[in-house]
Amino acid sequence: MRVSQPASDRSARRAGRHRRHATGRPPLVLGALATVGAAFLLVPFVGLAAETPWSDLATLIGSPEVVDALRLSLTTSIASALISGLLGVPLAWVLSRADFRGKVLLRATATLPMVLPPVVGGAALLFALGRRGLLGQPIYNQTGWSLPFSTTGVVIASTFVAMPFVVITVEGALSAIDPRYEAAAASLGAGPFTVFRRVALPMIGPSLRAGLILAWARALGEFGATVTFAGNLPGRTQTMPLAVAVALDQDRDTAVALSVLMVLVSFSVLVILRRHWWPAR
Amino acid sequence: MAEEYQLQTGVEVVLVTGGSSVLREQILDGADASVFASANQSVMSELAQRKVLATDPQVFAVNRLVMVVEPGNPYRIGSIADLGDQTLLVGACAQGVPCGDLAQEVFDAAGVQPTISTFEPNVRSVLAKVLAGELDVGLVYATDGIASGDTIEAIDLGGQLPTSTQYPIGVLADGGNRLEATRFVDWVLSPEGQRILVDHGFELP
């Protein structure tokens, strides 16, 4: 059973996408501040480009440490984004649809990792899931599994900081759906999970994609929680941000090459996927 | 030491702390510093090569690498050879950070290559993880062991291994207050300054 959006809604949305705001010279104040803002964001990248040893770049990027770090960063950030979606969407649904005591607290807690310094998040994860942690200790005693210093630990740390992006985006989208759609589906006999799967989920598609991409980007850049919880070991836990930090102490050129690589990878993905995460496109 | 110096002379001493290699980068990038003290000679000599030092640096303290474990030494670690056990979770500083380079020198001299679980960006985080029980053994400085008191047990590595590191201090060429900076360095090298260092577990040069 499929519910399609009424024709009026569809054409209104199409019109909205093509509506152009009046263009013209911006007011002086806005223009000046925008220029400062743009410069503030662009100048560091210009500085990075100026410092880059362009002729050696290919060799530096080909080295095993860099390849390891890139591979780890990509696999762990994608895994974090997927887990954030798997757990974040139901959490967002509960926050949006269900009513229970302590909902305000749950919402605040779900957003907390965005506000906390990542190192604090990492320390908290250590206290909970480390070998001596609240949950970690019984797990360690039973199975001998230790999460810190493992690639799984990296995924856990980056999921912790990235999930709020999915929760917030999706909750907003779920709350914005006209409840009549779901009511109509239910009145036609659809069970709650079917209503979610075939009505709500397709309708929040764009927001979900945006949330997942933002979660991925956040996970890719994660440093503090990763180094505190998972440690730093090339090939197992040394993601690109950690590799840059270590390289800064040893070999300036490698640090710069890694930084340029991160900028290029992130920039390319964000541009290619711009339709999915930049709002109002 | 900064507090003591301030009390005695009224000159304000602002401390910026961090891994020696991080501080070196900051100084080379133009950070406003008058005096630099480093945890090993090689970081200081790099600065000397780049001609940012005003005078020759002098050694003001000596520190040693030790192994630290939880009180009671649950894994019965006695010597560096015990670190060859691959089931142990060993933590050390990253290469490029003085205590990390020192640890590697000691491993090389002892002919042991432990399986390191994490190369931490500074010695404090190695210590913190051993204290928290997340690492079985860490390679830190003797002074870190002393500063942690009863919460940690330090195990000496023995006199045969190159465990000592010398801490040089020098006045920077571009920092302001050259006179005050030189006076501070002289005070650190004086018997009074040295006494404070010994009280905290450093050895004399």
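Good morning. I begin with helix α13 of chain A, whose buried residues are M240(A), P241(A), L242(A), A243(A), V244(A), V246(A), A247(A) and D249(A). The model under discussion is a predicted one. Eight of the 11 residues of α13(A) are buried, so this helix is largely enclosed by the rest of the structure.

What provides the cover? The elements lying over the buried residues of α13(A) include α4, α11 (205–220), α12 (224–229) and α14 (252–272) of chain A, and also α2 (20–28) of chain B. Both chains therefore take part in enclosing α13(A), with α2 of chain B among the covering elements.

Two packed helices are described by the angle between their axes and the distance between the axes. Helix α4 (residues 64–97) of chain A packs against helix α13 (residues 240–250) of chain A at an angle of about 145°, and the axes are 8 Å apart. On the α4(A) side the contact involves A69(A), L70(A) and S73(A), which meet M240(A), P241(A) and A243(A) of α13(A). By residue class, this contact consists of five nonpolar residues and one polar residue, with no charged residue.

I turn now to D249(A), which also lies in helix α13 of chain A. Is D249(A) buried or exposed? Its relative accessibility is 9%, and because the cut-off for burial is under 20%, D249(A) counts as buried. Setting aside residues up to four places away in sequence, D249(A) touches S21(B), V22(B), R24(B), G96(B) and V97(B).

Chain A contributes 19 residues to the contact and chain B contributes 24 residues. The size of an interface is often given as the accessible area lost when the parts come together. Between chain A and chain B, the buried area is about 1,700 Å², and carbon and sulfur atoms give 47% of it. Which three residues of chain A supply more of its buried area than any other three? They are R131(A), F149(A) and D249(A), which supply 40% of the area that chain A buries against chain B.

Next, chain A as a whole. Its secondary structure comprises 15 helices and zero strands. The C-alpha trace spans about 65 × 65 × 35 Å along its principal axes. Chain A has 281 residues, of which 37% count as buried. Among contacts in chain A with a separation of 6 or more, 71% come from residues 24 or more positions apart. The accessible surface of chain A amounts to about 16,200 Å², and 68% of that surface belongs to carbon and sulfur atoms.

Three further buried positions in chain A deserve mention. S158(A) sits in helix α8 (residues 151–176) of chain A, and its relative accessible area of 2% makes it buried. Apart from neighbours within four places in sequence, S158(A) is in contact with S80(A), A219(A) and E222(A).

E182(A) belongs to helix α9 (residues 179–187) of chain A. With 15% relative accessibility, E182(A) counts as buried. Its contacts, not counting residues up to four places away in sequence, are with R97(A), V195(A), V199(A) and A200(A).

G121(A) is located in helix α6 (residues 118–129) of chain A. This glycine is buried, at a relative accessible area of 3%. The C-alpha atoms of G121(A) and V256(A) are separated by 27 Å, and the two residues are 135 residues apart along the chain.

I close with chain B and its covalent link. How many disulfides does a search of the whole structure find? The search finds one over all chains. This disulfide is formed by C93(B) and C99(B), with their sulfur atoms 2.0 Å apart. The link of C93(B) and C99(B) is left-handed, with -85° about the S-S bond. C93(B) is buried, at a relative accessible area of 1%, and C99(B) likewise counts as buried, at 2% relative accessibility.

Thank you for your attention.

Notes. Residues numbered from 1 in each chain as written. Chains lettered and ligands numbered in written order. Predicted model: local features only at pLDDT ≥ 70, side-chain atom pairs only at ≥ 80, totals over all residues. Heavy atoms only, no water. Axes fitted to C-alpha atoms, helices over the stretch in contact; angles between N-to-C directions. Helix = DSSP H or I, 4+ residues; strand = E, 2+ residues; numbered from the N terminus. Contact = heavy atoms within 4.5 Å. Nonpolar A, V, L, I, M, F, W, Y, C, P; charged D, E, K, R; others polar. Disulfide = S-S within 2.5 Å. Buried < 20%, exposed > 50% of the residue type's maximum accessible area, 1.4 Å probe, protein only. Areas by Shrake-Rupley, 256 points an atom, 1.4 Å probe, with all protein chains shown as cover. Buried area = accessible area lost by both parts, 1.4 Å probe.
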